[in-house]
Amino acid sequence: MTAPTPPAPITSTRVLLPRSQPRTDWTISAVTRLKVSGAAMPAGVSDEQRIDTRTLVSMSFERTATGALRGSGQVDSFTVRSSIAESTEPLAVSASALSRSSLLLIDALIDSTNLRVVARPPLANECDRPEVSAMQLARELLVRIPDGVGEGDQWRDSTVTLVCRNGVPLTVYTTTRSTLATVSRETLVVRREMTTKLEGKGGTAFRAFELIGTGSGSQRLEIAARTGILETLQGTSTLTMQLMERIPPGTPRSQQVLQRVEIRAERQR
């Protein structure tokens, strides 16, 4: 009696992306909703605010075997529609505004411990500049996929970045867990889960501020399997921030901000 033939072993497709990604255009849009509680808001100002941002980003990349990307490009047509206006009151959220940034040249880098998008030449002061908001959107396009990963594989990145919020310089710690969810001849689907912690202090001895926050988010990305180019990105995130103001000898006051963001990026052909 002939023994049955054993089933063929199941092998997963391993990903090997090109070392260069040509200049590509994307549109990126984000809707940010803020809910403020704590210290009293100015008269006539809602405690719920919305910010709509949109930009066009063009970049090209060089890639290494670890999936690290180094690239350059530009940010153009950046717009912000916001119900947050200029104010001398750091805890205040008020009136509507529209700002546009001119063409901005950028350099970008992502590896397992770094995620940076910087202006070229560097900005003299990055605190609360609309150009920085544009660069933060461009960061979402940086996707690290190591050589040799297969369907179901995971990898982790831990990055530290510096930002500025309401004049307070902040250190942001982000841990990203990526999963190669689906592999086909045409498309790779990557899912990213992010956890964030931020902290910072600013002001003077006469008026000091401290801000801390924690958050989480998730994204779904579709990437062209042949070229490694990001086709679409959709994601949501939530961040809770606590801002403390101290004006000696008065009692410190605090304000909590709940920030929810919906982001979408799409390749333009």
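Is Glu-210 buried, partly exposed or exposed? A few friendly notes follow, with that one answered in point 3. Please keep in mind that this is a predicted model.

1. Let's start with strand β5, residues 104-110. Five of its seven residues are buried, so the strand is largely enclosed by the rest of the structure. If you are browsing the model, this strand is a handy place to begin.

2. Next, the partners of β5. Strand β3 (residues 69-82) runs antiparallel to β5, and seven bridges join the two. Within that pairing, Leu-69 has Ile-110 of β5 as its bridge partner. Strand β6 (residues 115-119) also pairs with β5 in the antiparallel sense, here over five bridges. Asp-107 stands opposite Val-118 of β6. Together β5 and β6 make a hairpin, with four residues between them.

3. Now to the salt bridges, which number 15 in the model. One of them joins Arg-246 to Glu-210, with 3.4 Å between the closest N and O atoms. Arg-246 belongs to strand β11 (residues 230-246) and Glu-210 to strand β10 (residues 208-224), so this pair ties together parts that lie 36 residues apart in sequence. As for the opening question, Glu-210 is partly exposed, its relative accessible area being 26%.

4. A second pair worth a look is Glu-222 with Arg-220, whose closest N and O atoms are 2.7 Å apart. Glu-222 counts as partly exposed, with 26% relative accessibility. Arg-220 also counts as partly exposed, at 29%.

5. Then there is the salt bridge between the side chains of Glu-231 and Arg-267, at 2.9 Å from N to O. This pair links distant parts of the chain: Glu-231 sits in strand β11 and Arg-267 in strand β12 (residues 253-268), 36 residues apart. The two ends fall into separate burial classes. Glu-231 has 18% relative accessibility and therefore counts as buried, given that the cut-off for buried is under 20%. Arg-267, with a relative accessible area of 22%, is partly exposed.

How values were computed:
Residues are numbered from 1 along each chain as its sequence is written. This is a predicted model: local features need pLDDT of at least 70, side-chain atom pairs count only at pLDDT 80 or more; totals for chains, interfaces and linings use all residues. Side-chain values use heavy atoms; hydrogens and water are left out. Buried means under 20% relative accessible area, exposed over 50%, partly exposed in between (1.4 Å probe, protein chains only). Two strands pair if DSSP finds at least two bridges between them. A salt bridge is a side-chain nitrogen of Lys or Arg within 4 Å of a carboxyl oxygen of Asp or Glu.
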